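Please look over the model below before reading on.

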Amino acid sequence: MRLTVVGCSGSMSGPASPASCYLLQVQGPDDAGDERTWSVVLDLGSGAMGAMLNYVDPATLDLAVLSHLHADHMVDMIGMQVYRRWHPDGPLAPLEVLAPAGALERVRGVGGDEESETYGGEFTFREHVPGTAVRVGPLTVESFPVNHPVPAYGVRITGPSSRAGGPERVTLAYTGDTDFCDGLVPLAAEVDLLLSEAAFQEGRDTVRGVHLTGRRAGQLAAAAQVRRLVLTHLQPWTDPEVVRAEAHAVYDGPVDVAAPGATWVL
């Protein structure tokens, strides 16, 4: 599996990055047994659609996952709809979208289109169902409810390793937006990479039930015994080294901070 950061700015796009968007790709056979690249995009925040064009042709995506329906994680679904509806080679096949309940209505509300524009030609929505896995080629996607002011889900994705001599199967977990909660440790348990939001900073942001801090992300990584922690969703006003230090204080594994274009191969 290969993870590429398309956008990682928290709560809004920033001067150096679009808002949340992550591309996960893996090689594997199709139904006919031919090798191909399978591509999954996690969230489509503000500015993500244009930046995505640097890394993948959106026409080749196999699944989009929306962790929740706040604008900084889904507003560029409108750009995706335009790309698929008005592609110069003709309309593209519907993209499967794994999302919380009400996603179609939320996307249509952002688009502001007439009732006749149903988006049925561009998207096929299915709801997150904890305990029910979604298969995408060689990948398995599992959903876990997390703690945020709106219905929100983290996802755990398992698939073949892309590293020569590595383990046969590897696992990545993405928290979406959440504060610490009971579902996070099962979500992240012993994963090879935990992509964790860390939008809040210890001593500065005291409201609970919204976001993790670097320290709480580190506590999660330690409790779940993850192999690598990648911090993301930092707002433009946050010093990433402060948040990284918070995580390092409670987790002794490797800690990275997400940046546009950064990649990890599992």
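1. Buried means under 20% relative accessible area, exposed over 50%, and partly exposed in between (1.4 Å probe, protein chains only). By that cut-off, 54% of the 266 residues of the protein are buried.

2. The model is predicted: local features need pLDDT of at least 70 and side-chain atom pairs count only at pLDDT 80 or more, while totals for chains, interfaces and linings use all residues. Residues are numbered from 1 along each chain as its sequence is written, and side-chain values use heavy atoms, with hydrogens and water left out.

3. There are seven helices and 14 strands in the protein, taken as DSSP runs (helices H or I, at least four residues; strands E, at least two) and numbered from the N terminus. The radius of gyration is 18 Å, close to the 18 Å that the globule rule gives for 266 residues, so the protein is as compact as a globular protein of that length. Here the radius is taken over C-alpha atoms, and the rule is 2.2 Å times the number of residues to the power 0.38. The C-alpha trace spans about 55 × 45 × 35 Å along its principal axes.

4. Contact means heavy atoms within 4.5 Å. Of the contacts between residues at least 6 apart in sequence, 62% join residues at least 24 apart.

5. Which residues of helix α6 (residues 214-224) are buried? They are Gly214, Arg216, Ala217, Gly218, Leu220, Ala221 and Ala224. These buried residues pack against α5 (184-188), β11 (193-197), β12 (229-232) and α7 (240-248). Just after α6, Gln225 has a positive phi of about 55°.
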